[in-house]
Amino acid sequence: MTVSSNLPTTMTGAEMVALSKRHTIYEWSAQGAVDPIPVARAKGVYFWTPEGKRFLDFNSQLMCVNIGHGDERVIRAIQAQAETLAYANPFMTTEARARLGAKLAAITPGDIDSFFFTNGGAEANENAIKVARWYTGRHKILARYRSYHGGTAGSITLTGDPRRWAAEPGISGVVHVPDFYHGIQRGTDTAAEALARLEEVIELEGPKTIAAFILEPVTGTNGILIPPDGYMQGVRALCDKHGILLIADEVMSGFGRTGQWFAIDHWQVVPDILTMAKGLTSAYVQLGAVGLRRPIADFFTDRVFAGGLTYNSHPLACAAALATIAVYEEDRLIERARTMGALMAERLADLQARHPSVGAVRSIGLFGIVELVRNRATREPMAPFNGSAPEMAALGKFFRQEGLYTFVRWNTFFTNPPLTITEAELREGFAIIDRGLAACDAAVTG
Ligand SMILES: Cc1ncc(COP(=O)(O)O)c(C=O)c1O
């Protein structure tokens, strides 16, 4: 345990946990089961509890603090904006809003150059599907099963993973399609196979009834699924053939996480609509956005954009986003995600070579995952789909004891550190993972 001085909180960690559990609700959890980490402060790739226990943040919190914690440049920009103008309503404009729209137009793919600002990713996707329906005059939205698109009514219906189940029946018109990845035992389709499945669904549903296909260009929580070469181009071609809009949900995969500004840039495909949040401000202030290609933006020249939010284009958030984007540029963090990502890929491959419990590793940039198995021959996952296992729980506990923070989900855990991570910090994290996997290895039977 590393003890730090300079503690800004007045409560102990235990007091924070007890009071939070008494009066606040934790998401996606039975409240009796939650065991939150009390966080007092954070800097770089680390955060600390009030008692000074240090954690290496190997998940950038919720895959969002891409520039690392406590960057003074962003803090100063938020402070300066708060002192000058904390809020103006969205029918007005501010310098931060004006500059951010123009900046995003410069870094997003192709002719995406007009943006609607939201509070986060779910609202961005809600507005993306509304736009797609208005623009095409069609109703249905295709989405993939291994996906997460947010927790609001429409976005949770788009979501393919089990978080959707409690929200069903959800909004009308959403159709899920299988992914190219079918789990560690069944493996991955080729691009041609995956595209054939997609086209079959399009034909069966009726191409002229489908407004859009929404996908995460590299799937996040559902497994860091990197499409086979040709898949993204093939999806673009199918959408063009049938007049279906392509919506890229870059909420998690955007802003350097994969080693490009946006994951879809790896395949040089331009989506019709691109949604973003998280890394846009590195979560210093909440902000999401929907980017539209020029013809779609022009559609609203003489038609009403029938959407609105009190906090649309919030000046604090726009100022934070501008400062965050400047940090990516000044510190060359997109390139850094590629170079450090190559080192991380080596560390992941090393884990797979040495630990029988490691059945698969995948990464692109600093977006990584490890899938654990009970049996190398059958590739039986260490925990079932949507399930848990004592070994996975024990691994999570070990990481927490040892001061490594990351997401442990089903039979997987993630390696998504801030893009600022150094080689030494990366090695520090992998050393803890290495020790933690020993107990998982003991459970492997074949
Ligand atoms: C791909 C993707 N889309 C949308 C969302 C929802 O974003 P938010 O939680 O900001 O509403 C998330 C959140 O994890 C996400 O990963």
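**A lysine in a loop, and the sites beyond it**

Modeller: Lys53 sits in the loop that joins strand 2 (46-48) to strand 3 (54-57); helices (H or I, at least four residues) and strands (E, at least two) are DSSP runs numbered from the N terminus. The model is predicted, so local features need pLDDT of at least 70 and side-chain atom pairs count only at pLDDT 80 or more, while totals for chains, interfaces and linings use all residues. Residues are numbered from 1 along each chain as its sequence is written, and side-chain values use heavy atoms, with hydrogens and water left out.

Lys53 counts as buried because its relative accessibility is 19%, where buried means under 20% relative accessible area, exposed over 50% and partly exposed in between (1.4 Å probe, protein chains only). Its side chain reaches the backbone oxygen of Gln401 at 2.6 Å, a polar contact (a pair of N or O atoms within 3.5 Å; within protein, one must be able to donate a hydrogen and the other to accept it, and residues adjacent in sequence count only if both atoms are side-chain atoms). Arg99 is 46 residues from Lys53 along the chain, and 40 Å separates their C-alpha atoms.

Most residues other than glycine have a negative phi, and most peptide bonds are trans. Ser60, in helix 2 (residues 60-63), has a positive phi of about 45 degrees. Ser60 counts as buried, because its relative accessibility is 0%. Ser313 belongs to the loop between helix 9 and helix 10 (315-330), and its phi is also positive, near 60 degrees. With 4% relative accessibility, Ser313 is buried as well. The peptide bond from Glu168 to Pro169 is cis, with omega near 15 degrees, and Pro169 lies in the loop between helix 6 (153-158) and strand 6 (174-177).

The ligand has its own shell of residues, including Gly120, Asn125, His149, Glu216 and Lys278, where a residue is near if one of its heavy atoms lies within 4 Å. Helix 5 (residues 121-136) gives the most to this shell, with 3 residues. By class, the shell holds 4 nonpolar, 5 polar and 3 charged residues (Ala, Val, Leu, Ile, Met, Phe, Trp, Tyr, Cys and Pro count as nonpolar, Asp, Glu, Lys and Arg as charged, and the others, Gly among them, as polar). A polar backbone atom of Ala122 is 2.7 Å from an oxygen atom of the ligand. Nitrogen atoms of the ligand take part too: one lies 3.3 Å from a backbone N or O atom of Tyr148, and one lies 2.7 Å from a polar side-chain atom of Asp249. Of the 390 Å² of accessible area that the ligand has on its own, the protein covers 81% (Shrake-Rupley method, 1.4 Å probe; for residues, only the protein chains shown count as cover).
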